[in-house]
Amino acid sequence: MENAFANNRLTRRFAALKAEDRAGLVVYVTASDPDLETSAQLLAGLPGAGADIIELGMPFSDPMADGPSIQRAALRALASGACMNRTLAMVKDFRKTEADTPVVLMGYYNPIDTYGAQRFAIDAAAAGVDGVIVVDVPPEEADEIQPVLAAHGVAFICLSTPTSDDARLPAILKYAGGFLYYVSVLGITGTVSAAADAVAAAVARLKRHTSLPIAVGFGIKTPQAAATVARVADAAVVGSAVIDRLAAGLDANGKPTPRAVPDTLAFVADLAQGVRGARQ
Amino acid sequence: MTLANSFTQGPDERGHFGPYGGRFVAETLMPLVLSLEKAYDEASADPAFAAEMNRYLTHFVGRPSPLYFAERLTAACGGAKIYFKREDLNHTGAHKVNNCIGQILLARRMGKTRIIAETGAGQHGVATATVCALFGLPCVVYMGATDIARQQPNVFRMKLLGAEVRPVTSGNATLKDAMNEAMRDWVANVEDTYYLIGTVAGPHPYPRMVRDFQKIIGEESKAQMMQMEGRLPDSLYAAVGGGSNAIGLFYTFLNEPSVQIVGVEAAGLGADTEEHAVSIGKGRPGVLHGSRTYLLQTGDGQITEAYSISAGLDYPGVGPEHSWLKDAGRVTYVSVTDAEALDAFHRTTRCEGIVPALESSHAIAQALKVAGGLPREHIMLVSLSGRGDKDVDTVAKAMGVKL
């Protein structure tokens, strides 16, 4: 498995981060939120603002694992005409100017299943996607998609949670590629936050099971919180707090104001500063 | 997966009915789903569990429910003999309580101390609130704000029973959104909370477990029919939203080739309009709420909203076993409109002195539609899954009557 991804951008990026002795910042945004143009502008600005890895949400009508911020982002995106073709096209456009920053698509299985897992794997790889997170495909159902993604050099990124105990982890790691995403709290995105020592203990436990990098997410809302995670994990993932900044830049009709993108990127830069300074 | 001539082998050990079903849930929930499966397997092998369940079904729910010959409707149609399985006479007024008794006993066995549920029409919410009151467990019911507005009596009943009813405003604020919200609650409260799903949907083992708790409907009917008519019915009719009363009635008869089986979906304003809940007839397989099944969705895989005058049927999916039975050709799925269901509601009320739920009225409508063209010796068995008291406001509104 490791060899198949030796040249994957995720592998290269984590190796570079390790050489710098710092954690990475993973930034989540929803594709086409609030519309294609604004979203593409934001995406293009993320590497410059300090995002080391980008998670691009594939909008879904029923985001069962997401809190209100990302739910609303998905609804805004869908209302503006978001669809799988458009999400993949966004990545393709992004790759025209940015060759190195890994892009991970994140979402739910039904839009992928509808698109066709095989076709999705081919088109995602061709667009320049490096990994895929499918929230509602646990290891028990991973045979549906992991092999076709791997065949096209796209990592199937698995989630582990506080309920994934030592007995269960091998089942997850059997399929995991790219990095292991540790969901640090019991709950949905953008709500409660984990205690620092609990995160440290969890990362240490996961490290005993895998050599994959560990990214920690859920409930990280500030540069300080991102820094705390960055001291112990290989990457910190911030989603809802970024979406909230973007949403704050929308007018009463949900249309973006001129400050929407710059304000959001400024917040990402603050997060990046927190993450980069964490181990100094 | 199926042996020749057997339609009762599913699901397999991974919860699949052919290509349907499965466990498409977030990793946080996976260990819970696995432990639920283990606990259910142990409970179903334990005679003490069955004995306890039977005690409550007999003395609390009031089972067996009667099998009733609808003599005047039969005469009015002038054809097949129409029988009703009277699930409306259960405590709380619908078949939903059968499943709730089973699951609450399981939750107690697992040491869970908090119960959550989703509800559409409110029947499952009322049944859940009822069993929670019976055992003194705190209960949170998620209900779409749209449904709350049209099912006020049931909302108040749940509150009287001590449940907290949490309005859900996301999406179209109906059953699908309530189920999303219940799953979000479950993910956040995995330690103490039991999610009491009301239909044969959700991740494995729910579709199998809920079916097992509902199959008493068909088992009783079969025995009662043998006693009253000395033979099996010729055809079965049941409304299908998620499909729990339908699978409950059908299951025992699946391997009886002489029995024609018909599931009735809600066609709302018409199956060819945008406003319907015909998931099997008009949908396409996809993955939602933990399983692969027929869904109403766009070409991009976004789930669309279902519509029916009956709040209990407007779910954009269906239990995975129904999807499998459809593909296998064992069950025929048809649909009837709001108008046809309302007509059946009125005819049953005036002709038989029984006020059926709007959900059940869909099954009755299909039976009434075909009864006249069938011979007098044909025996029809219709699931009268619930009573219609909760629907009188909706019916009045449809009639243009202000209460």
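The largest cavity holds about 380 Å³ of space. This is a predicted model, in which local features need pLDDT of at least 70, side-chain atom pairs count only at pLDDT 80 or more, and totals for chains, interfaces and linings use all residues. Residues are numbered from 1 along each chain as its sequence is written, chains are lettered from A in the order in which they are written, and side-chain values use heavy atoms, with hydrogens and water left out.

What is a cavity here? On a 1 Å grid over the protein atoms alone, it is a set of points where a 1.4 Å probe fits but cannot get out; lining residues have an atom within 4 Å of a point. Grid points are joined across faces, edges and corners, and the volume is the space filled by probe spheres set on the points. The count comes to ten cavities of 30 Å³ or more.

Look into the largest one. Its lining has 29 residues, and His95(B), Lys96(B), Gly312(B), Leu313(B) and Glu359(B) lie nearest its centre. Several elements of chain B supply at least two lining residues each, among them strand S5 (114–119) and helix H15 (358–371). Helices (H or I, at least four residues) and strands (E, at least two) are DSSP runs, numbered from the N terminus. By class, the lining has eight nonpolar, 17 polar and four charged residues. Ala, Val, Leu, Ile, Met, Phe, Trp, Tyr, Cys and Pro count as nonpolar, Asp, Glu, Lys and Arg as charged, and the others, Gly among them, as polar.

The second largest cavity has about 260 Å³ of space. Tyr28(A), Asp66(A), Ile70(A), Met106(A) and Thr189(A) lie nearest its centre. Its lining has 16 nonpolar, eight polar and three charged residues.

Now turn to salt bridges (a side-chain nitrogen of Lys or Arg within 4 Å of a carboxyl oxygen of Asp or Glu). The whole structure has 43 of them over all chains. One joins Glu140(A) and Arg168(A) at 2.9 Å, N to O. Both residues sit in loops of chain A, so the pair ties together parts that are 28 residues apart in sequence. Glu140(A) and Arg168(A) are both buried. Buried means under 20% relative accessible area, exposed over 50%, and partly exposed in between (1.4 Å probe, protein chains only).

In chain B, Lys176(B) meets Glu305(B) in a salt bridge at 3.6 Å, N to O. Lys176(B) lies in helix H8 and Glu305(B) in a loop, so this pair ties together parts 129 residues apart in sequence. Lys176(B) counts as buried, at 2% relative accessibility.

Technical notes
On a 1 Å grid over the protein atoms alone, a cavity is a set of points where a 1.4 Å probe fits but cannot get out, and a pocket is an open set with protein on both sides within 12 Å along at least five of seven lines; lining residues have an atom within 4 Å of a point.
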